[in-house]
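Please look over the sequence and the model below before reading on. The report that follows takes up a few parts of the structure in turn, for a reader who has not seen it before.

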Amino acid sequence: MAYYVEDQLAGPAIGPRRPSINEYFLSSYTMAIYDGCEFGCPYCDGWAVRLRPLNEVVRVPVDLPERVTDELGGLDRGDLVGITAFTDPYQPAEQSYRLTRQVLRAFAERGQPVLILTKSPVVLEDLATLERLHSASLAMVMFTLLTTDPHLAEKLEDRAPAPALRLDAIAALKRAGIPVGVAIVPLLPYVNDTDLLINTTLHAVADAGADFVVWDHLLIPDERHRSRINEMLARIGRYPPSYYRDLYHGRTLPDLTYRNERNQALLERCDALNLPVRAPHALYTGRLRPQNEASLLLKHTAFRDSVQGRANLARQGRELADRVYRNEATDIQLRASPLYETLRDILQRATRSGQQKP
Ligand code: SF4
């Protein structure tokens with residue numbers, strides 16, 4: 001069990017508005033509930049951004065709900081806040097402190113769109129609040145799921161809830177009408193990225209009724225993290241660190257050829273299962289600022305373009321997405337996009353509501 005330290009927030013509860021919308025989590029803002037994560041998964045980026053061990057001390061900012069309530073007044077109601085930053089909002093501390101519950105209630109009170117990333121079915125205990133928020137604007141949940149193999153999961157993340165519990169929770173949220181996605185994050189080379197395991201995971205995700213899936217590759221930002229990953233590989237037993245040396249060449253991401261090949265394999269399998277690879281437009285239509293909606297649509301299309309080898313189109317789509325998000329796109333720039341008519345329809349809503357620049 002982790003040591004809990006009750007504390008006050010040192011800075012703002014919700015981070016600054018992102019310069020570019022987050023295409024995985026649909027978010028314009030990011031926040032964390034607790035500081036530290038008792039689940040302590042060895043591959044977590046959270047290890048790299050903290051001085052203290054991620055899973056031994058969990059700081060509990062008891063004034064967070066009050067601070068969130070104050071800060072929400074300064075946010076546009078069409079901007080989504082992602083509770084996604086380096087710590088699970090439903091880790092064991094939530095059973096004692098219920099900070100996530102109080103924060104969600106503040107979001108529901110205001111109708112502020114939110115996305116929660118978790119590994120825990122405890123999110124279901126807040127289902128009524130999620131339903132209330134979703135009927136007012138948008139409440140979405142994403143489960144991180146690396147594998148459905150319980151033995152592998154035990155070696156990778158023994159303190160996190162079992163994959164089967166997460167799949168059951170996905171099905172329950174889906175039945176309740178809450179949009180739910182799955183993040184296969186990270187994709188660990190030679191561990192959960194094989195064709196067989198990807199197939200098994202995606203089938204289970206589709207069977208549970210998830211609306212969409214995203215994935216990303218393992219980041220190794222520094223030598224400390226590299227040695228933690230090597231220890232994890234030794235624990236799993238079949239994957240010598242030399243495999244990773246050859247794939248990473250001392251860099252933070254695996255080499256481009258590997259990433260392209262795995263991205264294509266995942267995309268093909270998702271398409272075969274009719275499982276969207278980013279949140280489908282229908283899930284957020286009319287629930288976000290029109291500029292955010294259009295920007296996400298462009299980014300999600302650009303992702304598919306880049307995986308399928310249309311690099312220029314992907315680059316143009318991403319550049320336009322950022323301009324649209326900042327409300328700086330001209331009609332000439334919009335007309336150059338294959339999505340022009342859809343973008344125009346979405347952005348006309350902004351004009352009608354007087355949000356777009358004159
Ligand atoms: S549950 Fe998520 S935030 Fe917590 S340690 Fe694992 S990966 Fe990191």
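This is a predicted model: local features need pLDDT of at least 70, side-chain atom pairs count only at pLDDT 80 or more; totals for chains, interfaces and linings use all residues.

Domain 1 covers residues 3-284, while domain 2 covers residues 290-352.

Where the two domains meet, 13 residues of domain 1 are in contact with 11 residues of domain 2. On the side of domain 1 that touches domain 2, helices α10 (256-273) and α11 (281-284) each supply at least two residues, and the largest share of that side, 3 residues, comes from α10. Sorted by class, the side of domain 1 that touches domain 2 holds 4 nonpolar, 6 polar and 3 charged residues.

## Helix α12 and its two partners

Helix α12, which spans residues 290-307, has an axis that comes within 8 Å of the axis of helix α15 (residues 340-352), and the two axes cross at roughly 165°. Because angles over 145 degrees count as roughly antiparallel, α12 is roughly antiparallel to α15. The crossing of α12 with α15 is left-handed. From α12, the contact draws on Pro290, Gln291, Glu293, Ala294 and Leu297, and from α15 on Thr342, Leu343, Ile346, Leu347, Arg349 and Ala350. By class, the residues of this contact between α12 and α15 comprise 7 nonpolar, 2 polar and 2 charged.

The contact of α12 with α13 is made up of 10 nonpolar, 6 polar and 3 charged residues.

## Helices α3 and α4

Another helix pair is formed by α3 (residues 99-110) and α4 (residues 127-136), whose axes come within 8 Å and cross at roughly 25°. Since angles under 35 degrees count as roughly parallel, α3 is roughly parallel to α4. The crossing of α3 and α4 is left-handed.

The contact between these helices is made by Leu104, Arg105, Phe107 and Ala108 on α3, together with Thr129, Arg132, Leu133 and Ala136 on α4. Divided by class, the residues of the contact of α3 with α4 are 5 nonpolar, 1 polar and 2 charged.

## Surroundings of the ligand

The ligand has 13 residues around it, and of these Cys37, Phe39, Cys41, Cys44 and Asp88 come nearest. Taken by class, the shell around the ligand consists of 7 nonpolar, 4 polar and 2 charged residues.

## Backbone features around strand β7

Most residues other than glycine have a negative phi, and most peptide bonds are trans. Against that background, two places in the backbone can be picked out. Valine 185 and proline 186 are joined by a cis peptide bond, with omega at about 0°, and proline 186 is found in strand β7, which runs over residues 180-187.

Tyrosine 190 has a phi near 70°, a positive value in a residue other than glycine. This tyrosine 190 lies in the loop between β7 and helix α7 (195-208).

How values were computed: Residues are numbered from 1 along each chain as its sequence is written. Axes are lines fitted to C-alpha atoms, for helices over the stretch in contact, and angles run from 0 to 180 degrees between N-to-C directions. Helices (H or I, at least four residues) and strands (E, at least two) are DSSP runs, numbered from the N terminus. Angles under 35 degrees count as roughly parallel, over 145 as roughly antiparallel, 65 to 115 as roughly perpendicular and the rest as oblique. A crossing is left-handed if the near helix is turned anticlockwise from the far one by less than a right angle, and right-handed if clockwise. Two residues are in contact if their C-beta atoms, placed from the backbone, lie within 7 Å. Ala, Val, Leu, Ile, Met, Phe, Trp, Tyr, Cys and Pro count as nonpolar, Asp, Glu, Lys and Arg as charged, and the others, Gly among them, as polar. A residue is near a molecule or strand if its C-beta atom, placed from the backbone, lies within 6 Å of it. Domain bounds come from an automatic or database domain assignment.
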